[in-house]
Amino acid sequence: MEILSTYLNLLPVSLAQGAVYAFVALGVMIPFRVLSLPDLTSEGTFPLGGAVLATLLAAGFNPVAGLLVAIGAGILAGGATALIHLLLKIPSLLAGIIVLTMLFSINIRIMGKPNTAIFNYETIFTELLNADGGAPLSQFALLMAIILGVCGLLFWFLHTEIGVALRSVGANQMMSRAQGLPTKWYIVGGLGLAGALSAFGGAIMAQFQSYADVTMGAGVLIIGLASTILGEALVGTKTLVRQIAAPVVGALVYFQVVAVALALGMEPSDLRLLTGIFVLCTLAAPLIAKRVARMR
Amino acid sequence: MDESTYPAIRVEDIRRTFHPGTVQEKKALRGVSFDLRPGEFAVVIGSNGAGKSTLLNALAGEIPVDSGRIVANGTEIQNWPVHRRARLMSRVFQDPMMGTAAALTIEENLSIAARRGQRRSLRFGIRKSEREAFRAKLEMLGLGLENRLSDRVDLLSGGQRQSLTLVMATLKQPQLLLLDEHTAALDPRAAALVMRATTEVVHENATTTLMVTHNMSHAIEFGNRLLMIHEGKVILDASAEEKSKLTAGSLVDRFHDVVSDRMVLS
């Protein structure tokens, strides 16, 4: 019973947390699923978004301006990974690691220090909810409204001529070239879009926790990947709606699982290990299933 | 030169060597030249490693040429990237999985093909009026695909996917249609079906076509021009009249004649 009440106490915060991470989960899903191009840049674009937003708030700008500039910075960072991958023929994973490593220094340069507190500034939460930033459940409601808007935009975009072409490039580059699509530019745009989503997520995160920290991106990729895989298992991938909904649903469920684990008395520092094991299992599952089937 | 007298495509002495200066050096194209008149349906045959696929890839732009010219509409295109050449030409690959995007629906694939070589905008990817046109094109195949527009392509068989690729390649009339052994990976029934669809779409619009094939009987039966390639060169260029007299046996004889003559000469 005590476990249940601990979990119920955690529920509002874990819902809000899941909603915060839904954006970066979308930013991880795009390269892995839409572009079929594994990319790690989100570990750097997430804190980049946070750093840009916090710096702008501290400089007196409003949160909307901060979010927009964060999105722009994310596009540039994602595009940089794509250009390194395409022009220098470096594998996308390595290109992402190079960019996220460089972003560590850049993020400190942006803030002028490793972290920036924004307790005393207006955020979307203080402006749209109330002066203390709102209760976790109202934060959750606000975030869900933003997520619906973002998902709606994404759904619309992926059905436009350019969006269908982007998905085509992700599914089959040779065919797409033969159909007249400059595939390289689409990949730059696709990773730019992913960077925008991850940086937006980081900027939301900074406002949610009232500070930005250069290390806030560590582990974010695996959280995003775990959310995507979990969500796909729950809602499927048959249609584009489901593919877009999967990372969001997955992020929400993932943080419920985390809350239950914490309620059971698990050390928060062990969570990364468990998340890693979870992703490992889901990635290995098809192979193991095949081996088991062959043994029979 | 008046535009109507231009060849649909002119290939002038194109050459390509793989791994030059190494032990694996391979002269895949050693000066290939030919013109295709508008509406010509040329069949390209040759043994394995003769350079057929390299020729096709060089035309499509997937493999750059070391020297020589490829001219369409009086413009040299040998330095154009693949996606730019797509304005002029379309292609059906040997691998049925290659010509379509598996994760997209049938109508999404067709909408990509309907805009081949055009700028894409943020307008909706498929317009209602297009769907009717897609249905009409798919009906001609007789595979029932017209009722499955919103099915994902990975639900289709190899033959169905290759038929769809063929429709995609001709949805927007190309100046040159490239067929790369496009029935070789299919079972005989599906191959016959795709071949029948091919002749229909090619004849319907008198599409200038270059078809690479391994299949002797296809080479005899289809097309009105025959190019035989051997060791990176065109060793036989038969016009419609000459081609009509060829049989599979005489073709093999001609091949051996030319090859042994050349060996004697060299």
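Predicted model: local features only at pLDDT ≥ 70, side-chain atom pairs only at ≥ 80, totals over all residues.

User: What makes chain A as compact as a globular protein of its length?

Analyst: The test sets the radius of gyration against 2.2 Å times the number of residues to the power 0.38. For the 296 residues of chain A that rule gives 19 Å, and the radius of gyration is 19 Å, so chain A is as compact as a globular protein of that length. Its C-alpha trace spans about 55 × 55 × 35 Å along the principal axes.

User: How is chain A built, going along the sequence?

Analyst: The pattern reads α-α-α-α-β-α-α-α-α-α-β-α-α-α, with 12 helices and 2 strands. Among contacts between residues at least 6 apart in sequence, 76% join residues at least 24 apart. As for burial, 50% of the residues of chain A count as buried.

User: What do you need to call a set of residues a nonpolar core?

Analyst: Buried nonpolar residues joined through C-beta atoms within 7 Å. The largest such core here has 158 residues, and A:A22, A:L53, A:F200 and B:V44 touch the most other members. Helix 9 of chain A (residues 183–209) gives the largest share of this core, 15 residues.

User: Which residues does B:V44 contact, leaving aside its neighbours within four places in sequence?

Analyst: C-beta atoms within 7 Å make a contact. On that count B:V44 touches B:K52, B:L55, B:L210, B:M211, B:V212, B:L227 and B:I229.

User: How do you know that strand 1 and strand 4 of chain B pair?

Analyst: Pairing takes at least two bridges. Strand 1 (residues 9–18) and strand 4 (residues 67–72) of chain B are joined by 4 bridges, so by the cut-off of at least two they pair, and they run antiparallel. B:V11, for one, stands opposite B:I70 in strand 4 of chain B.

User: Why are strand 2 and strand 5 of chain B called edge strands?

Analyst: Strand 2 (26–36) and strand 5 (75–76) of chain B each pair on one side only. They belong to an open sheet of 4 strands in the order 2-1-4-5, with antiparallel pairing. Helix 1 of chain B (residues 52–60) packs on that sheet, touching strand 1, strand 2 and strand 4 of chain B, and its direction makes about 65° with that of strand 2 of chain B.

User: What about the sheet of 6 strands in chain B: which order does it have?

Analyst: That open sheet has the order 6-7-8-3-9-10, and its pairing is mixed. Its edge strands are strand 6 (89–92) and strand 10 (233–238) of chain B, and the twist averages 20° from one strand to the next. Strand 7 (residues 176–180) and strand 8 (residues 209–212) of chain B run parallel, joined by 4 bridges; B:L177 has B:T209 as its bridge partner in strand 8 of chain B. Helix 5 of chain B (residues 158–171) packs on the sheet, touching strand 6 and strand 7 of chain B, at about 175° to strand 6 of chain B.

User: Where does the "ABC transporter" label come from?

Analyst: From UniProt: an unreviewed entry places that domain feature at residues 9–256 of chain B. In the model that span is 35% helix and 24% strand.

Definitions and conventions: Residues numbered from 1 in each chain as written. Chains lettered and ligands numbered in written order. Buried ≥ 20, exposed ≤ 12 C-beta atoms within 10 Å, placed from the backbone. Contact = placed C-beta atoms within 7 Å. Axes fitted to C-alpha atoms, helices over the stretch in contact; angles between N-to-C directions. UniProt positions renumbered as here; feature names shortened; annotations may be inferred.
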